[in-house]
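Here are my notes on this one, as numbered points. Have the structure open while you go through them.

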Amino acid sequence: MAGSLLPHTGAIASASTTPTVGAARRSRISTGTRLVHADLHNHTLVSDGDGDPALAFASMRNAGLDVAALTDHATLSDNVLGDVLSGLLPPEYKQVAGITPEDWAHTQRFADRADDDGRFTAIRGFEWSEPLIGHVNVWFTEHYVDVLQAGVMQPLLDWLRREPGLVLDGGAGGLAGFNHPGREPLRFQEFTFDRRVRDRVVSLEMFNREDDYLFEGFADDRSSPLVACLNAGWRTGIAGVTDEHGTDWGEPEGKGRTGLWVQEHSRRGVKRAMRARRFFATRTSGLRIDATAQPRGGRPVRMGGVLPLRNGVVKVRLDLARDESWVGRRLDVQVLRPGTDVPTVVDVVPFRVGPVVELKVPVDLADGDWLLLRVADPSQRNATPGPAGHPGNDLGIAYTSPWWLDPSA
């Protein structure tokens with residue numbers, strides 16, 4: 001079925017595949033949603049990947065993913081050659097030039113053919129790719145856009161604001177996310193902020209392939225991409241992706257994945273969960289993470305939400321599970337708050353996998369408007385460390401999406 005004509009589908013209670021690996025899909029601390037495992041960043045031979053796009057979605061479904069997106073590069077083919085000539089590009093040129101209108105149409109047909117409400121959600125997207133500024137994934141749009149002006153971020157943000165997108169959840173417009181943040185030297189012009197599209201820029205990749213981007217660029221005296229992005233004003237959830245360029249989409253263990261908490265297993269349900277930042281990042285297949293934060297006298301707010309307070313103590317609850325082999329495993333939960341160059345870790349709480357973890361976190365808007373949880377294994381090391389002694393130097397297992405402090409909410 002065409003994405004723009006997606007009909008109303010039943011709530012997730014009616015049908016969904018049973019997980020073959022990993023934890024149960026229901027949260028122990030929240031109701032009304034179900035966990036689906038997603039990979040929202042993948043490539044094929046229509047840009048710089050190796051595999052046939054006609055095979056990609058089946059590969060990811062067979063690997064146990066519930067949601068998958070193809071996001072081949074959009075760079076300069078339309079701008080340089082136009083529609084007709086760009087369709088005649090040899091494979092060698094397409095590695096640089098990226099997708100064409102014909103590729104875009106074919107990818108939609110592959111996605112529509114693979115999409116299976118209640119069982120598997122297939123999404124067409126693209127990766128806007130500027131070699132100095134950075135790469136941005138875009139999903140749920142009717143069109144794609146090449147790099148319109150080298151070295152400048154604003155044309156993409158302006159396009160995103162104008163693009164009507166696929167109306168799947170009562171809200172028009174596509175969604176976007178910052179990819180492998182900090183890998184390119186200009187870092188999205190230091191995460192140039194545009195409040196007009198804050199609701200549409202929904203994700204920041206912290207796990208890309210096998211890498212943890214918490215301290216990307218620290219060795220070159222640059223601040224943490226996490227701090228730079230959130231301190232700039234963006235309200236992004238935290239994602240993990242494989243960024244697959246091979247032919248075994250979905251198969252390799254240890255690459256990034258995203259866990260989405262959806263109300264229905266469909267394109268509409270996925271888009272709603274992404275808009276709500278109701279997702280987490282991990283590199284472990286089948287992992288379940290849910291987290292809530294509750295101000296004194298208030299209601300629990302799930303990760304990705306807004307806490308309506310200026311200061312006070314927040315009760316945070318963490319539900320983490322994988323399978324029997326993880327029960328009793330020793331891990332730490334780290335509470336990350338804003339810092340100047342790297343996130344400030346205001347608490348580290350050791351726990352063993354099993355019961356729900358609870359902790360009390362004092363917060364003050366004067367220290368910054370966001371907090372999130374990072375789950376780490378203290379027995380292993382982060383391959384890209386930050387400052388000596390920083391808890392982020394322990395191996396990252398998962399990140400929740402942030403909560404934001406906003407007394408006016």
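Predicted model: local features only at pLDDT ≥ 70, side-chain atom pairs only at ≥ 80, totals over all residues.

1. A definition before anything else: two strands count as paired if DSSP finds at least two bridges between them.

2. The overall numbers. The protein chain has 8 helices and 20 strands. Of its 409 residues, 61% are buried. Among contacts with a separation of 6 or more, 73% are between residues 24 or more positions apart. The accessible surface comes to about 15,400 Å², and carbon and sulfur atoms account for 52% of that.

3. Back to E3, now from its other neighbour. E3 pairs with strand E4 (residues 134-139) in the antiparallel sense, over 6 bridges. The two form a hairpin with 3 residues between them.

4. Aromatics next. A pair of aromatic rings is described by the distance of the centres and the angle of the planes. There are 11 aromatic pairs in the structure. One of them is Trp 104 with Phe 126, an edge-to-face pair at 5.7 Å centre to centre and 80° between the planes. The partners are 22 residues apart, with Trp 104 in helix H4 (residues 101-114) and Phe 126 in strand E3 (residues 121-130), and the pair links distant parts of the chain. Both Trp 104 and Phe 126 are buried.

5. Phe 178 and Trp 234 make another pair worth a look. Their ring centres are 5.6 Å apart and their planes meet at 75°, which is over the 60 degrees required, so this pair is edge-to-face. Phe 178 belongs to strand E5 (residues 175-178), and Trp 234 to the loop between helix H7 (225-232) and strand E8 (237-241), so the pair ties together parts 56 residues apart in sequence. Relative accessible area is 1% for Phe 178 and 0% for Trp 234, and both count as buried. The two also belong to one aromatic cluster, together with Phe 188, Phe 191 and Phe 193.

6. Arg 124 places its charged end over the ring of Trp 104, 3.6 Å from the ring's centre. Arg 329 does likewise with Trp 326, at 4.3 Å from the centre.

7. How enclosed is H7, and what caps its N-terminal end? In H7, 6 of the 8 residues are buried, so the rest of the structure largely encloses this helix. The buried ones are Pro 225, Leu 226, Val 227, Ala 228, Cys 229 and Leu 230. Ser 224 is the N-terminal cap, with a side-chain oxygen 3.2 Å from the backbone nitrogen of Leu 226. After the helix comes Gly 233, with a positive phi near 120°.

8. Is Asp 243 buried or exposed? With 3% relative accessibility, Asp 243 counts as buried. This residue is in the loop between E8 and strand E9 (257-262). The side chains of Asp 243 and His 41 are joined by a polar contact of 2.9 Å. Leaving aside residues up to four places away in sequence, Asp 243 touches His 41, His 43, His 180, Asn 208 and Arg 209.

9. Last, a sheet. Four strands form an open sheet in the order E12-E11-E14-E17, with antiparallel pairing. Its edge strands are strand E12 (301-302) and strand E17 (357-364), each pairing on one side only. Strand E11 (residues 288-295) and strand E14 (residues 311-321) share 8 antiparallel bridges, and Gln 294 has Lys 315 in E14 as its bridge partner.

Methods. Residues numbered from 1 in each chain as written. Heavy atoms only, no water. Phe/Tyr/Trp six-rings, centres within 6.5 Å; stacked < 30°, edge-to-face > 60°. Buried < 20%, exposed > 50% of the residue type's maximum accessible area, 1.4 Å probe, protein only. Lys NZ or Arg CZ within 6 Å of the ring centre and 35° of its normal. Polar contact = N/O pair within 3.5 Å; in protein donor to acceptor, adjacent residues only side chain to side chain. Contact = heavy atoms within 4.5 Å. Areas by Shrake-Rupley, 256 points an atom, 1.4 Å probe, with all protein chains shown as cover.
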